[in-house]
Amino acid sequence: MDSELTALTTIFTEFYYWLTIVFMFLIHVGFTLYEVGTARRKNLQHTLMKNVMLIPVVTVTFFLFGWWLYYAVGNGPGITGGIGEAAADATPWSPLLAPNLDDNITGVFWAAFLLFSWTAASIVSGAIIERARTGAFLIMAVLVGSVTWVIGGAWGWSATGWLVQTMGYHDAYGSGVIHAVAGGAALGMLVVLGPRIGKFGPRGEVRDIKPHNVWLTGVGLFIILVGFWGFYAACNIPIINVGSDSDPLFAATTIYGTPTTLSGNSFNLLMSLIGGMAVGFVLSKGSVLWTFSGALGGIITASAGNDLYHPLQAMLIGAVGVFIAFKLHHWVERRFKIDDAVGAVAVHGYTGFLALVIAGFVLWGYPAAAPVEGVSAWLGSNADGWPVINPLGQLIGALIMFWVLGFLPTFAVAKLLDKFGLLRVPRKVELAGLDTHGYDDAYPEFSAPNNRLDDVELEALLGATAREDRRS
């Protein structure tokens, strides 16, 4: 290193990202607790292990090709260019993807992105609990965690991404590239997977399948909110000279190179959280699930522009996003019989889509990112040549994230798995409980036997048996 100041800056940056990894690990802890708390007793350990096993599967695939993909396709192959030059340093055999005293940053930056990948896969995991085969989910975890969200990140979560430079796309804290992609992916799988047995009555009425442990659900969601502090910090570059050599100004920047501060992040993270939490509490009449999910949805709705919003804007945007997502969730559930066990499509997908659209109007004309030489902004730039945020670019980005990268790939793969009987567990296994195959009772001291049916399932089973008897 050239000087003590350079060395200190490098070590600070290394430690900064290392701390964000620790905080973001809590997001996965929270997702696991949340899903286990929401599942019924007969499905606890299957739910737990499904979410745990995505860690090794996504980690190794992200190391082998996911990290390379982020650097390879940012130019948009077939749209604006070919494979990015930086991809050569992101191959699994690159010296930068191993301990290297000449490079303090790649390992911690790679790990921060890996935790984003776990988050994306976990969002899908929660929506499909209690009926999907573990193998089918792990295939989807690789698809979402190491392919589709990574492509979205390359296109829209890099200063050189084609969506950013040509469309003025801006998504500072991942509303679209992570949450909209993962929420759309969850919806694509749910459409093919179908509802849990007993979720809908014979006349289409929606039945509430309650969490087996609402306290665990609440604690899990609370831990996710704690982890979001690390999520936000990991989306920043901690210290860069945003001034000039003659008049330096050192500050944090977003991933786009635009200035920001942890102080501003703190204002807007908390204000968007409480805006969504208040609306979730009121709309759900005090439901633990929706109050905490509302806090999460509020953050996600404001995250696309939380580097630039005023705190009161962040609060109102978070509140509006949760209101729309809550209403849309229940309408889709009734109209299309979509059984999203934890509301993941609404809390992540709908709010992520809304976040991008809202930011396009509220931040219209603000710089999206520093310009890249030789790339022209199709949808407008400012006097300095910086691509600017605009409603059309954000809408195009939202459609790409939720539908093109989110819904369509998982829908197609789910249809293929379903064709070969590899998507959903057999009916008798679902009725008896997924833990009955290979797991002991999670609560042997006081719980009912694993193969005991609850009232809703028993009614569904008896109804199906009666219909078969009448036909015979």
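A cavity here is a set of points, on a 1 Å grid over the protein atoms alone, where a 1.4 Å probe fits but cannot get out, and lining residues have an atom within 4 Å of a point. Grid points are joined across faces, edges and corners, and a volume is the space filled by probe spheres set on the points.

The model is predicted, so local features need pLDDT of at least 70 and side-chain atom pairs count only at pLDDT 80 or more, while totals for chains, interfaces and linings use all residues. Residues are numbered from 1 along each chain as its sequence is written, and side-chain values use heavy atoms, with hydrogens and water left out.

**Stop 1: the second largest cavity.** Its volume is about 50 Å³. Select Leu187, His329, Val332, Glu333, Ile338, Asp340, Val345 and Tyr350, which line it. Helix 10 (311–336) and helix 11 each give two or more of these residues. Helices (H or I, at least four residues) and strands (E, at least two) are DSSP runs, numbered from the N terminus. Helix 10 gives the largest share, three residues. By class, this lining has five nonpolar, one polar and two charged residues. Nonpolar covers Ala, Val, Leu, Ile, Met, Phe, Trp, Tyr, Cys and Pro; charged covers Asp, Glu, Lys and Arg; the others, Gly among them, are polar.

**Stop 2: the largest cavity.** The structure holds three cavities of 30 Å³ or more. The largest has a volume of about 70 Å³. Of its 13 lining residues, select Phe31, Tyr34, Val342, Ala344 and His348, the closest to its centre. Then colour helix 1, helix 3 (106–127), helix 9 (288–303) and helix 11 (344–362): each supplies at least two lining residues. The lining has seven nonpolar, five polar and one charged residues.

**Stop 3: helix 1 against helix 7.** Select residues 4–38 and 214–234. The two axes come within 7 Å and cross at roughly 155 degrees. Helix 1 is therefore roughly antiparallel to helix 7 (angles over 145 degrees). Axes are lines fitted to C-alpha atoms over the stretch in contact, and angles run from 0 to 180 degrees between N-to-C directions. The contact has 21 nonpolar, eight polar and no charged residues.

Stop 4: Finish on an open sheet of three strands, order 1-2-3, with antiparallel pairing. Strands pair if DSSP finds at least two bridges between them. The edge strands are strand 1 (236–241) and strand 3 (259–260). Four bridges join strand 1 to strand 2 (residues 250–254). Pick asparagine 236: its bridge partner in strand 2 is threonine 254.

Technical notes: Angles under 35 degrees count as roughly parallel, over 145 as roughly antiparallel, 65 to 115 as roughly perpendicular and the rest as oblique. On a 1 Å grid over the protein atoms alone, a cavity is a set of points where a 1.4 Å probe fits but cannot get out, and a pocket is an open set with protein on both sides within 12 Å along at least five of seven lines; lining residues have an atom within 4 Å of a point.
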